[in-house]
Amino acid sequence: MANGVRLHVVSTQQSLAPSSHPARTARLPAIDLLRGLAVIGMILVAYAGDWEHRFTILTHADWRGFALADMIFPTFLFCVGAALPFSFGRRAAGGKAALAANVVRRSVALIALGIFLNLLPAFDFGSVRLMGILQRIGLCYLLVGLWCIAAGRRTEAGFRIPLGAVLGATGAVVAGYGALLLAWDAPGCGPACFDSAHSLPTVVDRALFGVHHLWPYGMTNGQVTYEPEGLVSTLGALINVLAGTATTLALQRRRDVKTFAALAVAGVLCLAAGQLLDPLIPVVKKIWTPSFALLSTGFSLLLFLLLMRVRAGWTFVMVFGTNATLAFIGISLLDTLMQLPLLGGPRASLHDAAAHLLGQAIPEARIASATYSVLLLLLLAFLLWQLYRRRIFFKL
C-alpha cells in the first residue's frame, strides 16, 4: 500500500455476512449503479471522436442553463456523499482521530492524483491545470468528512452522524454561497455579476492560480478567464455531497415507504427550488451556483430512488460503479495515449487516425464521433471486468 493506495478484495462470503445493524452497515447497490452511470456518461460526453460533430444530448450548456450532460459530475458528487456514512461505519472503531486521519489521507491522495493526471504527458509544471474533477472531489470529501466527524459520535452500531447537522450545513452553504455571489460588486460588471469573466469565482481563481494554471478551454472572447472546478465554486459542489450524505442517513434511519416518499418530495422540491432561484441566482454549472446545485441534487436524488428498485441485470454499469476511481484513471491514461503524436502524416495521433477511419466508415458524423466514445468505453469495460469478476476494487 504505497502512498495510501490499496487494492480491496471483497469475497462473496464477506458481502453476505449478517450484521446486527443491517440498515446502517448494508451498502446500497443503488450508489454503485448511480456512480457507474455517471462514469459512463462522463466518458461518452468528454471523450468524443470529433468535437465539431456531437449529439446535443452529449454537450454541456455554454454558460447559463443546464443540459443532461451537466448532471453527470453533480451525480458523482452525490454518490461521494451517499457512500460516506458507510465508510465511516466501517472505520469507526479507531475513533474520531483515526476517521479524520483517513479523510485527510484520502483527500490528499485524490488531489495529488488529479494534479498528476493533469501533468500528463509533458509534465509542464509552468502550465499545469491545478484544479480538476479529482481535486474537487478531494476538497469536498475533506470538508464534508471533517464536518460529519465533528458533528457525529461513535456508537455501538458504528458512527452516528446527525441528519439534522447535515441538513443544517446544507442550508447554510446554500444561503452563504448565494449571499456571497449576490454581494459581490464586480468591477466592470456591477453587483451580483454571474458572467464568465467578472463573477466572484472566476476573479478569485485567476488571482489565486493565474491564468496559466486554469482550464485552457475556460475562455471569454478568446481569453482564459475561468476554471469550471475552481476554488470558490467548490462551495456549491458541497451541497451535492451533503445531500448525498443526508439521503443515506435518512435511509439508515428507516427504509420504508414513508422515507422513500419524503425523499421523492425532497427531490422534486430541489428541482423546483433550483428553477425558482434562477432569476435571482442563475443556473450556471461552471461556477456551480446554488440554484444549479439544488437542481442537480434533485435530479440525482430522484434517479437514485429509481435505481433503488433495480434488483439485477446491471452488471455492465456495476463494473464502472464499483471501480469508479480506477475507471477515471484508466480513461485518462487511455486518452493521453490516444492523443500522443505516435504516427506520421497529418493525423499523427491514434485519436485522429481512429476518428478519421470512423468518419469514412460511418456517413453520419455525429454517429461516428459517438462510436469513438463507445469503443473507448467498451475497451475500458473489458479491462475493468477482469477485476470485477475477481472482486478486486481499487480504493484510495
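Let's start with a charge and a ring. Arg 391 lies over the face of Tyr 388. The distance to the ring centre is 5.4 Å. Keep in mind that this is a predicted model.

How many aromatic pairs does a search of the whole structure find? The count is eleven. Take Phe 73 and Trp 288. Their ring centres are 5.6 Å apart, and their planes stand at 90°. Planes over 60 degrees apart count as edge-to-face, so this pair is edge-to-face.

Where do the two partners sit? Phe 73 is in helix α4, residues 72-91. Trp 288 is in the loop between α10 (257-277) and α11 (290-307). The pair therefore ties together parts that are 215 residues apart in sequence.

Are these two residues buried or exposed? The cut-off for buried is under 20% relative accessible area. Phe 73 has 9% relative accessibility, so Phe 73 counts as buried. Trp 288 has 0%, so Trp 288 is buried too.

Trp 288 also pairs with Phe 292. That pair is edge-to-face, with 5.1 Å from centre to centre and 90° between the planes. Both Trp 288 and Phe 292 are buried.

Ring pairs link Trp 63, Trp 215, Tyr 217 and Tyr 226.

On to helices. Two packed helices are described by the angle between their axes and the distance between the axes.

First, α3 and α13. Helix α3 covers residues 29-46. Its axis and that of α13 come within 10 Å and cross at roughly 10°. Angles under 35 degrees count as roughly parallel, so α3 is roughly parallel to α13. From α3, the contact has Arg 35, Val 39, Met 42 and Ile 43. From α13, it has Ala 324, Ala 327, Phe 328 and Ile 331. By class, that gives seven nonpolar residues, no polar and one charged.

Next, α13 (residues 324-339) with α14 (residues 350-361). These axes come within 5 Å and cross at roughly 85°. The range for roughly perpendicular is 65 to 115 degrees, so α13 and α14 are roughly perpendicular to each other. Leu 337, Met 338 and Gln 339 in α13 meet Leu 350, His 351 and Ala 354 in α14. Here we have four nonpolar residues, two polar and no charged.

How values were computed:
Residues are numbered from 1 along each chain as its sequence is written. This is a predicted model: local features need pLDDT of at least 70, side-chain atom pairs count only at pLDDT 80 or more; totals for chains, interfaces and linings use all residues. Side-chain values use heavy atoms; hydrogens and water are left out. Axes are lines fitted to C-alpha atoms, for helices over the stretch in contact, and angles run from 0 to 180 degrees between N-to-C directions. Helices (H or I, at least four residues) and strands (E, at least two) are DSSP runs, numbered from the N terminus. Angles under 35 degrees count as roughly parallel, over 145 as roughly antiparallel, 65 to 115 as roughly perpendicular and the rest as oblique. Contact means heavy atoms within 4.5 Å. Ala, Val, Leu, Ile, Met, Phe, Trp, Tyr, Cys and Pro count as nonpolar, Asp, Glu, Lys and Arg as charged, and the others, Gly among them, as polar. Rings of Phe, Tyr and Trp (its six-membered ring) pair if their centres lie within 6.5 Å; planes under 30 degrees apart count as stacked, over 60 as edge-to-face and the rest as tilted. Buried means under 20% relative accessible area, exposed over 50%, partly exposed in between (1.4 Å probe, protein chains only). A charge sits over a ring if NZ of Lys or CZ of Arg is within 6 Å of the ring centre and within 35 degrees of the ring normal.
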